[in-house]
Amino acid sequence: MYENIVLPIDLNHGESWEKALPTALALCQTFNAKLHVVTVLPDYRMPLVGSFFPADFSEKARKKLSEAQRKFVDEHVPGDTEVQCHIVEGSPYEGIIRTAKSVQADLIVMASHNRHELADFLVGPNAEHVVRHAGISVMVVR
């Protein structure tokens, strides 16, 4: 039923994967699906923001993030699960959707958090944006 499952994670926030990862792994094992771990790197090259960072900051950040992502996979994903890591830049929900399209995913498994911040009430959490715009099934794990 599923061949490619996308799991967005924020390596700085365990709540982004602690409950979603076991669900994604169970689905991967059940359907022999490939797991695509996605981490979104903010776009530091925007003119207003970019002037505050060194020219090579984005490249260095991507390299560090790639190393951290690989370590995460080594520590948390069983060796018998086929996994591919992705780092995308930009807004979280756009990066998640873009990755899902590029790998021809049939499912996105992601965590949602409780609404405690004002920004969540005004804009809506990334999970809501992904659910509305993904065009494929999204499993939100609470």
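This is a predicted model: local features need pLDDT of at least 70, side-chain atom pairs count only at pLDDT 80 or more; totals for chains, interfaces and linings use all residues.
The protein contains six helices and five strands. Along the sequence, these elements follow the pattern β-α-β-α-α-β-α-β-α-α-β. Of the 142 residues of the protein, 40% count as buried. Among contacts between residues at least 6 apart in sequence, 73% join residues at least 24 apart.

In soluble globular proteins, nonpolar side chains tend to be buried together.

When neighbours within four places in sequence are left aside, the contacts of Ile 5 are Ala 24, Leu 27, Cys 28, Ala 33, Lys 34, Leu 35, His 36, Leu 107 and Val 109.

Helix H1 was considered next. H1 is made of 12 residues and extends 17 Å from its first C-alpha to its last, which is close to the 16 Å expected at 1.5 Å a residue. Its buried residues are Ala 20, Leu 21, Ala 24, Leu 25, Leu 27 and Cys 28. These residues lie on the same side of H1, because they cover an arc of only 160° around the axis. The elements against which the buried residues of H1 pack are S1, S2, H3, S4 and strand S5 (137-141).

Strand S4 is mostly covered, with five of its five residues buried. In a regular strand, the side chains alternate between the two faces of the sheet. In S4, Leu 107, Val 109 and Ala 111 point one way, whereas Ile 108 and Met 110 point the other way, and all are buried. S4 pairs with S1 in the parallel sense over two bridges. Within S4, Ile 108 is the bridge partner of Val 6. S4 and S5 also run parallel and are joined by five bridges. Opposite Leu 107 stands Ser 137 in S5.

Val 109, a residue of strand S4, has a relative accessible area of 0% and is therefore buried. Although Val 109 and Ala 24 are 85 residues apart along the chain, their C-alpha atoms are separated by 6.1 Å. Apart from neighbours within four places in sequence, Val 109 is in contact with Ile 5, Val 6, Leu 7, Pro 8, Ala 20, Thr 23, Ala 24, Leu 27, Met 139 and Val 141. Three of the residues in this list, Ala 20, Ala 24 and Leu 27, are among the buried residues of H1.

Strand S2 contains His 36. His 36 counts as buried because its relative accessible area is 2%, and the limit for a buried residue is under 20%. The side chains of His 36 and Asn 4 are joined by a polar contact of 2.9 Å. With neighbours within four places in sequence left aside, His 36 is in contact with Asn 4, Ile 5, Val 6, Leu 7, Gln 84, His 86 and Val 103.

Asn 32 is not a glycine, yet its phi is positive, at about 55°. This residue follows H1 and lies in the loop between helix H1 (20-31) and strand S2 (34-41). Asn 32 counts as exposed because its relative accessibility is 71%, where the limit for an exposed residue is over 50%. Gln 104, also a residue other than glycine, has a positive phi near 55°. The loop that holds Gln 104 runs between helix H4 (92-102) and strand S4 (107-111). With a relative accessibility of 63%, Gln 104 therefore counts as exposed.

Terms used. Residues are numbered from 1 along each chain as its sequence is written. Side-chain values use heavy atoms; hydrogens and water are left out. Helices (H or I, at least four residues) and strands (E, at least two) are DSSP runs, numbered from the N terminus. Buried means under 20% relative accessible area, exposed over 50%, partly exposed in between (1.4 Å probe, protein chains only). A polar contact is a pair of N or O atoms within 3.5 Å; within protein, one must be able to donate a hydrogen and the other to accept it, and residues adjacent in sequence count only if both atoms are side-chain atoms. Contact means heavy atoms within 4.5 Å. The expected span of a helix is 1.5 Å times one less than its number of residues. The arc is that of the directions from the helix axis to the C-beta atoms. Two strands pair if DSSP finds at least two bridges between them.
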